[in-house]
Amino acid sequence: MKNLVIVESPTKARTIGKILGKNYAVYSSMGHIIDLPRRKIGVDVEQDFAPTYVVIPGKKKTLAQLKKEVKTSEVVYLATDQDREGEAISWHLQERLQDKKKTRKFLRVVFHEITPDAIKQAFKNPSKLDLNMVNAQQARRVLDRVVGYFLSPLLWKKVAKGLSAGRVQSVSLKLIVIREREIQDFVPAEYWKVEANLKRQQDGLEEFTAELVKCDGQKIELAKQEQVEGIVQDLEKAEYIVSSVKKKEKKRNPYPPFITSTLQQDAFNKLKYTARKTMMIAQQLYEGIDLGQQDPIGLISYMRTDSVKIADVALVQLRKYINDNFGSAYLPAKPNVYKSKKSAQEAHEAIRPTSIERTPSQMQPFLSQEQYKLYELIWKRTIASQMQSAVYIVNTIEVAAGKYLFSASGSVIKFEGFLKAYQEDLKEKESLIPEISKGEILTLLKLMPSQHFTRPPARYSESSLVKALEEEGIGRPSTYAPIVHTLIFRNYICREKGYLTCTELGMKVNDILVEYFPNIIDVAFTATMEEELDKVEEGKLDWVKALKDFYIPFKEKLTFAQTNLKKEVVETDENCEKCGKPMVIKWSRSGKFLSCSGFPDCRNAKSISLGVKCPQPECEGELILRRSKRGMQFYGCSTYPKCTYITKVLPTTDSQVTDD
């Protein structure tokens with residue numbers, strides 16, 4: 001009889017199967033196999049939130065196959081991922097695969113990386129299921145189901161059928177809406193800068209630029225051109241004398257190794273990968289890459305983590321590699337230690353290469369271009385995290401011009417440190433300031449006044465949204481990637497040039513939730529709920545009590561909303577061309593549209609025109625706002641598919657835009 005091993009994915013099954021050999025049969029559950037039912041709540045809120053679990057549609061054959069394999073197995077190893085989701089999958093499998101007639105041993109196996117050493121060590125030291133982790137996942141699943149099941153019908157009643165709300169997604173939407181309204185309400189303020197182009201009198205070769213910073217010893221703020229013109233007149237007559245020269249060393253410390261959120265941020269900023277794409281590629285690198293004649297092997301450690309800890313054995317390898325390839329000057333006397341955030345699971349590890357000896361250049365022939373770029377990013381970040389700090393020499397010069405003071409600074413790298421391995425991350429470019437002594441008189445070449453205006457806050461990118469959620473304590477490593485995808489799918493937000501903006505529908509849904517459920521989508525409240533779930537995982541809080549504490553005030557708000565929410569109907573001056581009754585504005589998942597007020601007797605409906613005719617010759621259609629599957633907004637002809645004209649920019653009467 002063989003030992004049965006169950007994992008989530010076929011790729012992981014193949015990799016682990018080759019490592020364990022012929023005495024083990026490794027099968028995949030294809031992810032979750034058991035869940036709450038799709039078409040009903042599946043949670044008894046009156047009986048301690050007892051969940052009703054069912055086999056996921058399409059997974060009955062998988063479960064039947066696993067049951068068949070269990071019958072011929074002496075021991076069943078549950079080797080799903082090491083996080084809450086993985087623990088819950090293992091628990092559900094054990095519950096469904098237990099045989100009442102014959103007791104079999106079910107063992108839990110946990111590992112941070114899929115390499116021969118790690119897998120063999122894990123199977124030598126199996127454990128039992130962590131029921132606290134299972135309860136934490138169960139609490140989150142039930143909580144999200146309760147919120148979605150009760151809030152979604154309210155949106156159907158007020159706005160349109162097919163809409164839905166989610167606990168974490170709705171808070172994320174709120175952040176995007178707040179930022180969008182800050183941008184809309186922003187009023188630019190004028191300000192000016194005055195810079196002086198100066199040179200030494202001694203040799204006259206080296207020029208540099210200094211900025212006006214003070215007047216009569218006080219910080220100067222220039223708001224109007226008239227003010228600047230008077231200052232420029234004074235400065236044209238002034239003598240420019242070096243009043244101080246300061247040199248100091250400045251250290252720039254390396255970044256910690258990647259956790260899920262920082263990997264998603266860096267991959268977006270450097271590679272333009274979405275969070276979802278980053279996690280998909282990272283999963284491939286984790287589960288196993290075929291290295292030619294060698295068996296498949298996982299190239300990185302587990303990618304859903306909030307811990308910056310690196311295992312001792314990996315630290316030894318890292319330090320040896322740095323010493324051998326960069327030199328002892330780049331190696332700190334002791335390993336760099338980074339502090340994980342409070343909620344981090346210290347049993348977990350940061351995202352790192354499973355062997356630092358497998359350099360990106362060596363792995364490149366076995367990787368796709370996208371896999372290679374992400375692996376290189378992880379490899380370099382890991383190396384850099386255990387190197388010495390970079391050292392700059394910062395040179396600051398102050399120049400007096402009568403009652404005015406100018407300042408100029410520049411920096412040069414004295415010692416590269418970790419930047420030797422992480423050059424593309426260099427933010428502080430070298431800028432030279434000439435060697436000048438205090439008291440030197442300088443020659444003014446020209447004064448350069450310039451007008452500027454304050455700019456509104458930037459819209460969130462997927463990267464900056466993940467960063468904001470992490471800083472606020474909202475969500476966990478497994479939840480970051482699906483958030484933006486879900487909001488785009490619901491048409492609550494869209495992407496514009498890599499940035500996230502909310503749709504009119506998104507704003508409307510947010511405003512309803514804010515009005516009737518301020519606590520549910522409150523940032524601090526949601527972060528507190530995350531902390532409660534962490535306490536459940538730590539065994540410090542009963543999961544049912546955590547849900548009761550949430551549900552009692554939620555139910556009060558729900559009852560009030562169910563009584564007071566009314567369907568919104570917006571009348572228009574337009575009449576239905578089919579029956580003559582007034583047309584009204586309604587909502588759907590795609591946004592606003594015109595519908596006959598005689599519905600359902602008259603089912604006439606049409607898109608709301610933007611008042612711009614389609615530029616295509618002989619086309620009588622008008623342009624309407626549409627949305628791609630990836631969440632990009634564009635304008636298309638109302639006669640589609642007869643006319644396939646599309647554009648990203650709305651044409652005006654003065655200029656017609658060609659096809660995109």
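Predicted model: local features only at pLDDT ≥ 70, side-chain atom pairs only at ≥ 80, totals over all residues.

Q: Which residues in H6 meet H16?
A: Arg167, Val168, Val171 and Leu175 in H6 meet Val523, Thr526, Met529, Glu530 and Leu533 in H16. Contact here is heavy atoms within 4.5 Å. Helices are DSSP runs (H or I, at least four residues) and strands are too (E, at least two), numbered from the N terminus.

Q: What is that contact by class?
A: It has six nonpolar, one polar and two charged residues. Ala, Val, Leu, Ile, Met, Phe, Trp, Tyr, Cys and Pro count as nonpolar, Asp, Glu, Lys and Arg as charged, and the others, Gly among them, as polar.

Q: At what angle do the axes of H6 and H16 cross?
A: Roughly 150 degrees, and the axes come within 10 Å. H6 is residues 167-185 and H16 is residues 523-537. Axes are lines fitted to C-alpha atoms, for helices over the stretch in contact, with angles from 0 to 180 degrees between N-to-C directions.

Q: Now H8 and H9. Where do they meet?
A: Thr260, Leu263, Gln264 and Ala267 in H8 meet Ala275, Thr278, Met279 and Ala282 in H9. That contact has five nonpolar, three polar and no charged residues.

Q: And how do the axes of H8 and H9 cross?
A: At roughly 115 degrees, coming within 9 Å. H8 and H9 are therefore roughly perpendicular to each other (65 to 115 degrees counts as that).

Q: Switching topic. Which residues touch the most other members of the largest nonpolar core?
A: Phe49, Tyr492, Ile493, Phe517 and Phe554, out of 82 residues. A nonpolar core is a set of buried Ala, Val, Leu, Ile, Met, Phe, Trp, Tyr and Cys residues joined through side-chain atoms within 4.5 Å. Buried means under 20% relative accessible area (1.4 Å probe, protein chains only).

Q: Which helix gives the most to this core?
A: Helix H5, residues 131-158, with ten residues.

Q: How many residues are in the second core?
A: That separate core has 64 residues, including Tyr286 and Leu331.

Q: And the chain overall: how many helices and strands?
A: There are 17 helices and 24 strands. Of the 660 residues, 49% count as buried.

Methods: Residues numbered from 1 in each chain as written. Heavy atoms only, no water. Buried < 20%, exposed > 50% of the residue type's maximum accessible area, 1.4 Å probe, protein only. Parallel < 35°, antiparallel > 145°, perpendicular 65-115°, else oblique.
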